[in-house]
Amino acid sequence: MESSSSVSVSDESSEANGGGCCSSSTTPSMDAVNLSRTFSDVSSFSEEHGGSGSSVDHSGPFEPPSAAAVSRLIGRRSPAAAASALSLSRLSMKPRADVLDRRSTDDELELVKERFSKLLLGEDMSGGGKGVCTAVAISNAITNLYANAATVFGSCHKLEPLPAGKKTMWRREMDCLLSVCDYIVEFYPSSQTLPDGTKVEVMATRPRSDIYINLPALEKLDAMLIEILESFQKAEFWYADAGTRSFGSATSSSTMSSSSFRRSTHRNEDRWWLPVPCVPDGGISGKARKELQQKRDCATQIHKAAVAINTGVLGDMEVPDSFMAILPKSGKASVGDGVYRAMLGAEKFSPEYLLDCLDMSSEHEALAMADRVEAAMYVWRRKAGASHGRSRWGAVKELVADDEEQDKNVMLAGRAESLLLCLKHRFPGLSQTTLDTSKIQFNKDIGQAILESYSRVLESLAFNIVSWIDDVLFADKTVRKQ
């Protein structure tokens, strides 16, 4: 089942698709938007990707990287290692400053003017200064480039290569939107030797650490996902048209019996507009089935990596005052008596067991519970901070680290956090919570906005690829059982 959610910060955003969101989208693109939270009409310009993961040779079989290789992409570097690597004049990312030099035609320059004008205006075309802040505008631009049916992935519902035009659009416009990160720096003390040999202390600049660590990893994950789609140039399955136009040429579904067609649609019966995967009467070959499973495993690891980056970025964002203002007075009132007693009374708290007892059958119920648990967690954190004279939750945890059980609020906040993490793990396609929506809406840090939106759309694409592969494997299993 493909997940969809959206958050909207501007009035031009399309229709909400999931709990805890305020944005909008058109129905045909809902399924491709797994976790999209913001929409706006922004795009840009391009350069061809160079370096790792950009040029893919599809002459041989697809060889997905190992789970360890993907996990290493999000490995955190020590400050010392980062500082030494940053002695170069640029990030370890490819420079994008020559994008315009290579595309200097009049049409490209007009495109540059149009797109960046929209960014600078904050999506307020009247110029009255009522637009959203730059961080939100860029976040909206990345989300819409991915999600809108008229752009890249909004109309993609099948395992097949992206058309050349779509792929070029994605690369060139992402290059321009990400180019902002080349100029987000932090200061650090350094020394400089003057011509006369005198050493003076100066403040030098280097790329901000969160961007230096996460952005190259996201670009690599992006290239790997495109590579997975490119590997489906020649497949043993095809799709029956169910109202969604496919990339590439249409294929016939006459070789699939009507009974197996009905069985194949059962997995996505609540999304009738999606194309239905079809396989030969005897199913796909063992080799093709093995390759599909390998690609599924690879996409799953990419999804986990993107989720880890997105969760870390959202965790670093400030909690908006508007969210704190609407919190209930007590955590017990938020989660309910039953959950509160289970969290407070158990000597050894098991979030997995509690979720089993709650027996949530739908993602809508899971999202509602996530909102309540998260609200209660911040209520208990606020009370713990007030009782210990600390405003930061990290300082409170350090203060009571050795005697956490004696502070009820600290204990309950910790258990609520573990319950929330367990809930998100059990429902990997869960829409963003009310707090996540608020953070994105009120965030003003441009670097965090880029990392959050980029990781979110990659998370959505990876989730969808896994779901599409599952659809094909389901169809294959159904036919082979007949």
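Two rings of Phe, Tyr or Trp (for Trp, its six-membered ring) are taken as a pair if their centres lie within 6.5 Å. In this predicted model, six aromatic pairs are found.

**View 1. The edge-to-face pair of Phe-153 and Trp-170.** The ring centres of Phe-153 and Trp-170 are 5.3 Å apart and their planes stand at 80°, so the pair counts as edge-to-face, given that planes over 60 degrees apart are classed in that way. Phe-153 belongs to the loop between α5 (134-147) and α6 (164-178), while Trp-170 is part of helix α6, and the pair thus links distant parts of the chain that are 17 residues apart. Phe-153 is buried, as is Trp-170.

**View 2. The tilted pair of Tyr-340 and Trp-380.** Here the planes of the two rings make an angle of 35° and the centres of Tyr-340 and Trp-380 are separated by 6.3 Å, so this pair is described as tilted. Because Tyr-340 lies in helix α12 (residues 337-345) and Trp-380 in helix α14 (residues 363-388), the pair ties together parts that are 40 residues apart in sequence. Both Tyr-340 and Trp-380 are buried.

**View 3. A cluster of rings around Tyr-146, Phe-153 and Trp-170.**

**View 4. Charged side chains over aromatic rings, at Phe-232 and Tyr-378.** Lys-295 places its charged end over the ring of Phe-232, at 4.1 Å from the ring centre. Over the face of Tyr-378 lies Arg-381, 5.2 Å from the centre of that ring.

Terms used
Residues are numbered from 1 along each chain as its sequence is written. This is a predicted model: local features need pLDDT of at least 70, side-chain atom pairs count only at pLDDT 80 or more; totals for chains, interfaces and linings use all residues. Side-chain values use heavy atoms; hydrogens and water are left out. Rings of Phe, Tyr and Trp (its six-membered ring) pair if their centres lie within 6.5 Å; planes under 30 degrees apart count as stacked, over 60 as edge-to-face and the rest as tilted. Helices (H or I, at least four residues) and strands (E, at least two) are DSSP runs, numbered from the N terminus. Buried means under 20% relative accessible area, exposed over 50%, partly exposed in between (1.4 Å probe, protein chains only). A charge sits over a ring if NZ of Lys or CZ of Arg is within 6 Å of the ring centre and within 35 degrees of the ring normal.
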